[in-house]
Every structure is written in structure tokens, then in C-alpha cells.
Amino acid sequence: MGDGWFPLGAARWRASCEAVAEAAAVGVIRSAPVHRGASPRAQHPLERGGPPMQGRGIGATWLETLAKAQGGACFWCGRPLGRRATLEHVLPFSHPDWPALPRVVQLLCLRLAHGECNQAYNTWRQTRPPARVAEVDAMVLRVARQIVRRHPLLALAASRQDRGLGAAG
Ligand SMILES: [Zn+2]
């Protein structure tokens with residue numbers, strides 16, 4: 001990993017968000033009930049309403065979605081993840097906007113990365129000028145919101161979540 005550069009340009013981030021959105025849409029369709037009266041299915045993360053995620057944990061379904069979208073490769077270095085995947089908050093969990101973001105936007109800002117690449121991203125953020133880091137964060141968020149608006153399933157999930165419908169019982 002280079003010392004001052006992370007592959008997080010807007011074009012690459014947009015393409016990655018598109019890939020995650022498409023993998024997620026496939027997941028939602030697969031989780032649809034086969035026939036009326038079928039036993040309750042496991043809810044896909046995008047269909048679950050309620051408030052934004054406050055914790056760091058995320059379900060296995062979304063981890064699978066990310067793995068599929070990333071082709072099993074680390075988001076940062078592109079090498080195979082194997083069993084060494086960690087959850088990368090490309091928009092950090094500590095970002096002031098995080099707690100109020102729609103869950104679907106939060107989900108779209110997650111990736112899988114090696115532990116050492118995850119740590120390198122943290123270090124990179126800490127050693128950049130804060131204004132530059134803020135620019136990167138604003139781009140990450142802006143693109144994620146655009147992708148959500150463009151994908152009907154994601155937009156629907158966001159609107160449900162904003163209204164708190166389907167909050168899990
Ligand atoms: Zn890596």
C-alpha cells in the first residue's frame with residue numbers, strides 16, 4: 001500500500017457502489033417468498049425498516065452481498081480476502097452524519113478489506129489535512145446518496161427506513 005494515496009476516486013467509488021447496489025438487488029429478489037403462505041423468510045437487510053444502524057455489527061447477508069460485489073477481493077489492495085476480511089467503514093463510523101443516515105446509505109458505505117488495509121486507511125485519514133479528508137467523505141456520501149436515488153429497490157428501502165416502516169418486531 002502506498003504511503004499517501006488511497007484508490008478512492010469518485011469514478012472508482014461510483015462503480016463500486018453500483019456493483020454493491022446490483023448485488024443487493026439480486027439478494028432482495030432471491031429472498032422474495034416463493035408462494036403465498038410460505039414460512040416467514042429471513043428479511044433482507046434492505047427490506048428491514050427502522051432506524052439507522054447505530055452499532056458496528058452487520059448481518060451475514062450484507063457481508064455476502066459485499067463479498068459478491070467485490071469479487072472476493074479486498075476493496076483497497078484488490079488481493080483475495082480469504083478469511084481475513086474485516087468490515088471497512090469507507091465513511092467512518094465516527095463521521096458526525098453517520099448516526100442519522102438512512103440505513104441503506106450506511107450499508108452502501110461499507111466494504112470488505114484486509115485488516116492491515118483497513119488500518120492503513122485509518123492511518124491515511126489521520127495523516128491527511130482534515131479539509132482533504134472532509135472532501136473525500138463528502139464525495140463518498142454524495143455518490144452513495146446518488147446511487148440510492150437511482151436504484152428503485154434502494155430508493156424504496158431508504159424511504160421505508162426514513163418513515164420507520166417495518167421496524168423489526
Ligand atoms: Zn487488502
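Which residues point one way from β2, and which the other way? Leu110, Leu112 and His114 point one way, Arg111 and Ala113 point the other way, and all are buried. Buried here means that 20 or more other C-beta atoms lie within 10 Å of a residue's own; exposed means 12 or fewer, and partly exposed lies in between, with C-beta atoms placed from the backbone. In a regular strand the side chains alternate between the two faces of the sheet.

The model is predicted, so local features need pLDDT of at least 70, side-chain atom pairs count only at pLDDT 80 or more, and totals for chains, interfaces and linings use all residues. Residues are numbered from 1 along each chain as its sequence is written. The pLDDT is the predictor's confidence in each residue, from 0 to 100. The protein averages 81, and 74% of the residues score at least 70. Confidence is highest in β2, at 96, and lowest in helix α6 (residues 152-163), at a mean of 78.

Now the layout. The protein has six helices and two strands. Along the sequence they follow the pattern α-α-β-α-β-α-α-α. Helices (H or I, at least four residues) and strands (E, at least two) are DSSP runs, numbered from the N terminus. Of the 169 residues, 30% are buried. Two residues are in contact if their C-beta atoms, placed from the backbone, lie within 7 Å. Among contacts between residues at least 6 apart in sequence, 77% join residues at least 24 apart.

Back to the strands. β1 and β2 pair in the antiparallel sense over five bridges. Pairing requires that DSSP finds at least two bridges between two strands. Arg111 in β2 is the bridge partner of Glu88. Five of the five residues of β2 are buried, so the strand is largely enclosed by the rest of the structure.

Helix α4 (residues 115-127) comes next. Its 13 residues reach 18 Å from first C-alpha to last, close to the 18 Å expected at 1.5 Å a residue. That expected span is 1.5 Å times one less than the number of residues. Cys117, Asn118 and Tyr121 are the buried residues of α4. Seen down the axis, they fall within an arc of 105 degrees, so they line one face of the helix. The arc is that of the directions from the helix axis to the C-beta atoms. What covers these residues includes β1 (85-89) and β2 (110-114). The face turned away carries the exposed residues Gly115, Thr123, Gln126 and Thr127.

Helix α5 (residues 130-150) has 21 residues and reaches 30 Å, close to the 30 Å expected. Val140, Val143, Ala144, Ile147 and Val148 are buried in α5. They cover an arc of only 140 degrees around the axis, which puts them on the same side of α5. Exposed residues on the other side include Pro130, Glu135, Gln146 and Arg150.

The largest nonpolar core has 34 residues, and Leu108, Ala144 and Leu154 touch the most other members. Such a core is a set of buried Ala, Val, Leu, Ile, Met, Phe, Trp, Tyr and Cys residues joined through C-beta atoms within 7 Å. The elements that give two or more residues to this core are α1 (10-30), α2, α3 (103-108), β2, α4, α5 and α6. Leaving aside neighbours within four places in sequence, Leu108 is in contact with Cys17, Val20, Ala144, Ile147 and Val148.

Finally, a loop. Gly71 lies between α2 (60-69) and β1. Gly71 is exposed, with 10 other C-beta atoms within 10 Å.
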